[in-house]
Amino acid sequence: MLSNQLESTGKLIWSRLPTAEDGSSSDYYDDGSLRSGDGFDAVESLDYEVIENYAYRQEQARRGKLYVWYNVGVKWFFALLIGIGTGLAAVLINISVENFAGWKYSLTFSIIQKSYVAGFIVYTIFNLALVFSSVYIITQFAPAAAGSGIPEIKGYLNGIDTRGILLFRTLIGKISGSIGSVGGGLALGKEGPLVHTGACIASLLGQGGSTKYHLSSRWLQIFKSDRDRRDLVTCGCAAGVAAAFRAPVGGVLFALEEVTSWWRSQLMWRVFFTSAVVAVVVRTAMGWCKSGKCGHFGSGGFIIWDVSDGQEDYSFAELLPMAIIGVIGGLLGALFNQLTLYITHWRRNYLHKKGNRVKIIEACLVSVITSIISFGLPLFRKCSACPDSDSSIECPRRPGTYGNYVNFFCSNENEYNDLATIFFNTQDDAIRNLFSAKTIHEYSAQSLLTFLIMFYSLAVVTFGTAVPAGQFVPGIMIGSTYGRLVGMFVVRLYKKTNIEEGTYALLGAASFLGGSMRMTVSLCVIMVEITNNLKLLPLIMLVLLISKAVGDAFNEGLYEEQARLRGIPLLESRPKNLMRKMTAKEACGNQKVCYFPRVVKVADAATILRTNNHNGFPVVDHSRNGETMVIGLILRSHLLVLLQSKADFQHSPLAVDMRSQSIPIRHNLGDFVKPVTSKGLSINDIHLSPDDLEMYIDLAPFVNPSPYVVPEDMSLTKVYNLFRQLGLRHIFVVPRASRVIGMITRKDLLFEDNEDSASVELQSTSVRDEERRVRRASDIGSPLLNGLLD
């Protein structure tokens with residue numbers, strides 16, 4: 001039987017890879033897509049492999065060098081547009097957040113001059129209104145915009161398409177929701193959502209806009225494949241980090257280290273160019289806002305905490321407390337990941353299943369609690385006298401504005417409230433206060449410890465609510481608090497005048513981010529860029545290495561944990577140790593392969609598509625001597641297009657002669673493109689009449705004739721590396737080959753593009769030539785394989 005002959009011929013490796021620790025294999029389709037998910041219908045693998053079918057080869061043959069240069073120029077032009085778009089989105093978010101915060105603090109402090117109770121009510125209502133607007137937009141308009149979006153984007157670049165994450169409404173929801181949630185004072189940041197925002201802008205440009213909202217342009221619809229869109233989304237991710245932190249180099253390294261599972265030098269240039277464009281746009285916007293045209297937007301907004309006037313040197317004895325900061329960061333970061341994992345799991349499985357109303361009530365309740373803590377706790381803190389008048393820093397500052405020494409509920413005008421300086425302030429300004437130099441004894445240990453406990457708890461509870469939420473800035477606030485506590489201890493222990501508490505706050509911020517997110521190189525560069533102090537680079541590297549090592553001993557990074565919780569089957573950089581003991585055949589199991597004959601009846605094709613959920617099928621044909629052979633791979637999406645168009649239906653079950661030069665091409669590559677992050681065609685959407693069901697389709701012109709194939713006894717570790725590094729969706733597993741028709745070595749791949757194709761001879765060594773060479777070698781006593789070059 002044909003099915004028995006093919007049973008071990010072609011199987012989908014992805015279907016049998018080990019699943020997540022907390023997930024069941026029954027939750028996934030055979031191609032790795034989720035059967036169901038919370039908040040999204042399903043996730044699906046992307047086709048990063050080039051489908052080299054007949055239509056593709058014909059289109060490539062028609063393209064000349066002019067088209068190649070045009071294609072390259074368009075890619076660079078899109079990189080420019082992504083940088084400009086992401087920079088403008090960051091400017092909009094920051095100006096809006098700063099103005100909302102400025103109006104809130106100005107109104108609140110003008111009221112508390114008469115009544116603190118009335119001021120508290122106004123402050124709480126203002127925050128509640130902003131948070132309500134954010135959560136309402138997310139729940140009713142763009143549910144995919146909740147959270148930071150980085151796990152979903154990381155999954156997309158890893159080959160997993162979570163439906164809805166790159167749509168136009170998601171972009172609008174991400175921008176407006178970030179303004180409401182961050183402006184409403186919640187313990188979260190806007191930096192993570194900016195990465196998602198940049199990816200959305202890149203994806204929308206790649207597909208030519210949004211057809212649903214009639215915001216599309218045909219001349220932008222250049223890139224049709226998931227492979228090209230992947231490059232654009234990578235540029236968008238880097239642009240988001242560059243816009244959030246004003247750190248263009250950090251953005252490039254973030255895309256390289258954290259979100260992509262592959263890389264190449266051509267893409268590096270475009271990503272770097274995009275980040276540079278973002279830096280120019282942000283710099284121009286800040287210069288324009290300095291003239292006072294942006295309302296309350298001033299020194300805040302875009303993150304850059306200048307600590308260039310901080311500690312210039314450090315002694316060998318200080319390395320021990322700095323190492324302790326790294327250990328604390330690893331422990332608190334791992335604890336943060338575990339707590340957020342438990343709480344988010346409870347939310348998704350119990351609380352959020354009760355509907356959108358519960359999500360709205362939860363976010364509003366968290367907003368009220370945050371307002372009570374941030375306004376109420378400083379009321380119980382005794383004010384401190386301002387330092388000597390010869391200090392270069394103004395004390396006290398006008399409440400609610402950028403600066404140190406905030407006067408809040410103080411009986412004397414020459415006093416300040418240290419807890420209000422960090423609690424009753426925007427997060428950016430609070431971090432500036434914690435990083436500030438020449439401010440020894442500004443904060444008491446009691447106030448810092450109180451803020452650390454309360455803000456840490458708020459960050460854990462807030463993460464996972466139905467609003468756009470980033471963890472960069474909250475992590476920096478948490479780390480800088482305990483870092484400054486260690487700095488206070490070091491100042492008292494060593495009694496040196498050159499030790500700055502703000503420097504230890506910076507190291508604490510880096511340690512917590514390293515312990516939670518497990519980034520090293522990119523985070524190190526980002527911290528240097530946002531603090532403008534290259535002298536601290538070795539110390540930042542030290543605490544990052546220690547915190548990451550400590551955190552890795554307990555659990556995975558924040559984004560990996562959240563991706564697993566969301567059912568995103570990421571392929572990590574290293575395969576599991578169990579795979580070293582397994583072969584490709586063992587991973588396939590005993591399931592029979594579902595295949596198509598080359599000429600298939602329409603009724604049979606429709607039945608197969610309705611009865612299984614595979615997204616790729618082997619196509620088989622009979623050779624002249626009667627043997628069955630696999631001629632390629634056909635995608636489910638391509639089959640659906642053929643069934644819907646009906647243009648290739650034929651009455652005869654005979655195959656088309658592929659050697660003929662006059663095969664009609666009724667489809668172009670654009671016909672087979674699946675819309676970005678949408679379901680695409682379904683077999684239930686296609687209507688076939690009884691006459692249609694009796695017709696046939698020759699699949700040969702539409703199959704990928706050169707899918708990736710591995711022998712059945714190859715180790716699963718090799719298969720895993722091949723699958724991940726090439727961004728594959730399907731791999732055929734075949735029996736051990738009976739003969740070799742040639743070998744390609746390094747020298748066979750080294751030839752110039754401008755060389756005449758007729759003169760390029762691949763130096764493959766055929767089996768027959770090798771047999772003759774072996775016989776000749778045995779006769780004259782020469783080495784057996786003298787002619788092979790590896």
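Residues are numbered from 1 along each chain as its sequence is written, and side-chain values use heavy atoms, with hydrogens and water left out. Because the model is predicted, local features need pLDDT of at least 70 and side-chain atom pairs count only at pLDDT 80 or more, whereas totals for chains, interfaces and linings use all residues.

The axes of helix α11 (residues 319-351) and helix α17 (residues 501-517) come within 7 Å and cross at roughly 40 degrees, which makes α11 oblique to α17. Axes here are lines fitted to C-alpha atoms, for helices over the stretch in contact, with angles from 0 to 180 degrees between N-to-C directions; angles under 35 degrees count as roughly parallel, over 145 as roughly antiparallel, 65 to 115 as roughly perpendicular and the rest as oblique. Helices are DSSP runs (H or I, at least four residues) numbered from the N terminus. The contact (heavy atoms within 4.5 Å) involves, among others, Gly326, Gly329, Gly330 and Gly333 of α11 and Gly508, Ser511 and Gly515 of α17.

Ala553 belongs to the loop between α19 (537-552) and α20 (558-565) and is exposed, with a relative accessible area of 62%.

Helix α14 (residues 427-435), by contrast, is mostly covered, with 9 of its 9 residues buried; buried means under 20% relative accessible area, exposed over 50% and partly exposed in between (1.4 Å probe, protein chains only). These buried residues, including Asp428, Asp429 and Arg432, pack against several helices, among them α3 (65-111), α16 (472-494) and α17.

Methods: Helix = DSSP H or I, 4+ residues; strand = E, 2+ residues; numbered from the N terminus.
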